[in-house]
Amino acid sequence: PLIKQFFTQVAAGRIDAAFLLTTKTYRQHVNRAQFIRFLASLKLNRYRNLKSGRPRLQEGQIILTIKLIAENKDELRLDFTFNKVDDSWRIDRIVPLNT
């Protein structure tokens with residue numbers, strides 16, 4: 001659900017809301033302007049379909065690889081790392097993967 005919420009916020013142009021779905025640690029390393037540049041570099045508006053892999057548990061974190069697919073069949077793979085903060089999960093890292 002968090003990943004869907006993240007992409008819904010980005011698609012609606014609510015970048016600040018998407019940014020707030022990240023952990024405090026993430027926001028200490030990536031400021032808002034860097035986050036916006038990172039999202040722009042991904043060219044997310046090209047992709048129409050999202051496929052999620054199996055979550056992997058590693059050192060108390062969940063790592064989820066998602067695949068975004070464009071109409072021309074181009075693919076973008078991203079690794080999302082989630083940390084539990086209080087009672088809710090937050091995005092701790094977003095890493096593009098080379099396919």
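This is a predicted model: local features need pLDDT of at least 70, side-chain atom pairs count only at pLDDT 80 or more; totals for chains, interfaces and linings use all residues.
The largest pocket has a volume of about 330 Å³. Its lining is made of 16 residues, and those closest to the pocket centre are Phe7, Val10, Ala11, Leu44 and Asn45. By type, the lining residues comprise 11 nonpolar, 3 polar and 2 charged. Helix 1, helix 4 and strand 1 each contribute at least two residues to this lining.

One of the residues closest to the pocket centre is Ala11, which belongs to helix 1. Is Ala11 buried or exposed? Ala11 counts as exposed because its relative accessible area is 70%, and exposed means over 50%. Ala11 and Tyr47 are 36 residues apart along the chain, and 11 Å separates their C-alpha atoms.

The largest nonpolar core contains 27 residues. Phe6, Phe7, Phe35, Leu39, Leu78, Phe80 and Ile94 have the most contacts inside this core. Several helices and strands each supply at least two of the core residues, as listed below.

| Element | Residue range |
|---|---|
| Helix 1 | residues 2–11 |
| Helix 2 | residues 15–19 |
| Helix 4 | residues 32–42 |
| Strand 3 | residues 61–70 |
| Strand 4 | residues 75–85 |
| Strand 5 | residues 88–97 |

Which element gives the most to this core? Helix 1 does, with 5 residues. Helix 1 also supplies at least two residues of the pocket lining.

Ile94 is among the core residues with the most contacts. Leaving out residues up to four places away in sequence, Ile94 touches Phe6, Tyr26, Phe35, Phe38, Leu78, Asp79 and Phe80.

Terms used. Residues are numbered from 1 along each chain as its sequence is written. Side-chain values use heavy atoms; hydrogens and water are left out. On a 1 Å grid over the protein atoms alone, a cavity is a set of points where a 1.4 Å probe fits but cannot get out, and a pocket is an open set with protein on both sides within 12 Å along at least five of seven lines; lining residues have an atom within 4 Å of a point. Grid points are joined across faces, edges and corners, and a volume is the space filled by probe spheres set on the points. Helices (H or I, at least four residues) and strands (E, at least two) are DSSP runs, numbered from the N terminus. Ala, Val, Leu, Ile, Met, Phe, Trp, Tyr, Cys and Pro count as nonpolar, Asp, Glu, Lys and Arg as charged, and the others, Gly among them, as polar. Buried means under 20% relative accessible area, exposed over 50%, partly exposed in between (1.4 Å probe, protein chains only). A nonpolar core is a set of buried Ala, Val, Leu, Ile, Met, Phe, Trp, Tyr and Cys residues joined through side-chain atoms within 4.5 Å. Contact means heavy atoms within 4.5 Å.
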